[in-house]
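Please keep the sequence and the model at hand while reading.

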Amino acid sequence: MGCTTAARPAPPPPGGSEMLLRQGEPAAPPVAGPAHRLKAGTRGDGRLAAAFLAPALIGFGLFYLYPALRGAWYSMTDWNLLSRPRFVGLDNYARLLHDPLFWNALKVTGGYVVLNLGIQLVAGLGLAALLHRLTRSLVLRSLLVVPWLVPNVTTGLLWMWLLDADLGFLNHLLTGAGLPAQGFLTSPDLALPSVAVITSWSGTGYTALLLYAGMLLVPRHVYEAAALDGSGEIRTFFRVTLPLMRPILAFVLVVSLIDSFQLFDAVAVTTKGGPVNATRVIYHYIYEQAFTHFKMGYASALALSLVLVLGVLTFVQMRLLRASTSDLA
């Protein structure tokens with residue numbers, strides 16, 4: 001009479017008896033959900049990416065970032081490579097604004113850039129179009145890049161002999177045809193165009209290969225549609241091929257522009273900046289100030305000014321050509 005009745009356990013839910021743990025059986029470990037696996041995978045990918053990027057970042061810091069910062073410091077000193085640098089503030093930059101040789105070097109470099117880009121772009125587009133339409137031979141593509149692989153010093157020496165006013169092969173052809181010999185590298189009017197031809201001969205093949213790769217990206221059905229509309233080869237090239245190659249053209253123009261502003265070795269071998277400063281480009285002028293006149297501080301200011309000019313020109317090119325967009329997308 002005094003004993004109490006034990007409470008009965010609640011019945012299991014319908015269909016859920018298989019979910020109950022058996023007595024004495026350990027619980028199964030929780031299964032990682034998709035979010036947990038994604039988070040763990042992201043951490044592993046981040047460490048792997050950091051390991052692969054570390055050599056490039058270390059090399060960039062040692063060989064690009066650190067020298068650039070040191071150059072910025074030297075540009076505000078009067079360092080002459082022999083004594084300790086002395087801080088002079090912005091005096092070097094004020095000096096270059098009134099330096100006629102600096103502005104002449106910029107003008108000469110600008111003229112060379114226009115000639116070099118014009119020759120390489122026109123000749124490269126022509127060669128790329130011929131490769132695309134007539135043949136896709138691997139041998140021809142390999143031959144196009146051979147001049148680009150030759151060192152620029154060797155190329156300059158070779159063309160200096162070919163263009164020599166007395167013994168040059170080209171002047172022998174001119175005199176044999178009854179024409180007067182020309183001082184291609186000694187005339188103030190012909191020296192810069194001659195240097196532009198020399199460097200264009202070296203780089204046109206590489207430019208043509210880049211443009212040819214861009215032409216291969218244009219789908220064939222676009223050309224078929226243009227042919228059905230009655231478009232000829234020349235019209236299709238200017239109305240279809242070139243607009244669809246805009247990102248590749250922008251890349252080629254930006255790379256060629258930067259490379260053209262860095263002209264030095266061909267001038268140092270052939271004309272040495274002459275005659276009468278006709279080929280004294282900005283890189284050659286910076287070299288003279290640093291290692292001929294031992295004005296490293298002023299040369300550093302000139303180099304940083306060139307970086308600023310290249311940055312502005314590259315930005316303008318990218319915006320005008322809309323390099324980040326493509327009509328193929």
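The axes themselves are lines fitted to C-alpha atoms, for helices over the stretch in contact, and the angles run from 0 to 180 degrees between N-to-C directions.

The model is predicted, and local features need pLDDT of at least 70, side-chain atom pairs count only at pLDDT 80 or more, while totals for chains, interfaces and linings use all residues. Residues are numbered from 1 along each chain as its sequence is written, and side-chain values use heavy atoms, with hydrogens and water left out.

## Overall make-up

The chain holds 14 helices and 0 strands, where helices (H or I, at least four residues) and strands (E, at least two) are DSSP runs numbered from the N terminus. Of its 329 residues, 34% count as buried; buried means under 20% relative accessible area, exposed over 50%, and partly exposed in between, with a 1.4 Å probe and protein chains only. Among contacts (heavy atoms within 4.5 Å) between residues at least 6 apart in sequence, 66% join residues at least 24 apart.

## Helix 11 against helix 14

Two packed helices are described by the angle between their axes and the distance between the axes. The axes of helix 11 (residues 246-261) and helix 14 (residues 296-321) come within 10 Å and cross at roughly 165°, and the two helices are therefore roughly antiparallel to each other. On the helix 11 side, the contact is made by Arg246, Ala250, Leu253, Val254, Leu257, Ile258 and Phe261, which meet Leu306, Val309, Leu310, Leu313, Thr314, Gln317, Met318 and Leu321 in helix 14. The residues of this contact divide into 12 nonpolar, 2 polar and 1 charged, with Ala, Val, Leu, Ile, Met, Phe, Trp, Tyr, Cys and Pro counted as nonpolar, Asp, Glu, Lys and Arg as charged, and the others, Gly among them, as polar.

## Two buried residues

Trp79 lies in the loop between helix 1 (34-74) and helix 2 (91-97), and at 18% relative accessibility Trp79 counts as buried. Not counting residues up to four places away in sequence, Trp79 touches Tyr74, Arg84, Pro85, Phe294, Lys295, Met296 and Gly297. The C-alpha atoms of Trp79 and Gly297 are separated by 5.1 Å, although the two residues are 218 residues apart along the chain.

Asn171, by contrast in setting, is found in helix 7 (residues 169-176) and is buried, with a relative accessible area of 3%. Leaving aside neighbours within four places in sequence, Asn171 is in contact with Leu163, Asp164, Ala165, Ala181, Gln182 and Phe184.

## The loop between helix 12 and helix 13

The peptide bond from Gly274 to Pro275 is cis, with omega near -5°, and Pro275 is found in the loop between helix 12 (265-270) and helix 13 (282-292).

Key:
Angles under 35 degrees count as roughly parallel, over 145 as roughly antiparallel, 65 to 115 as roughly perpendicular and the rest as oblique.
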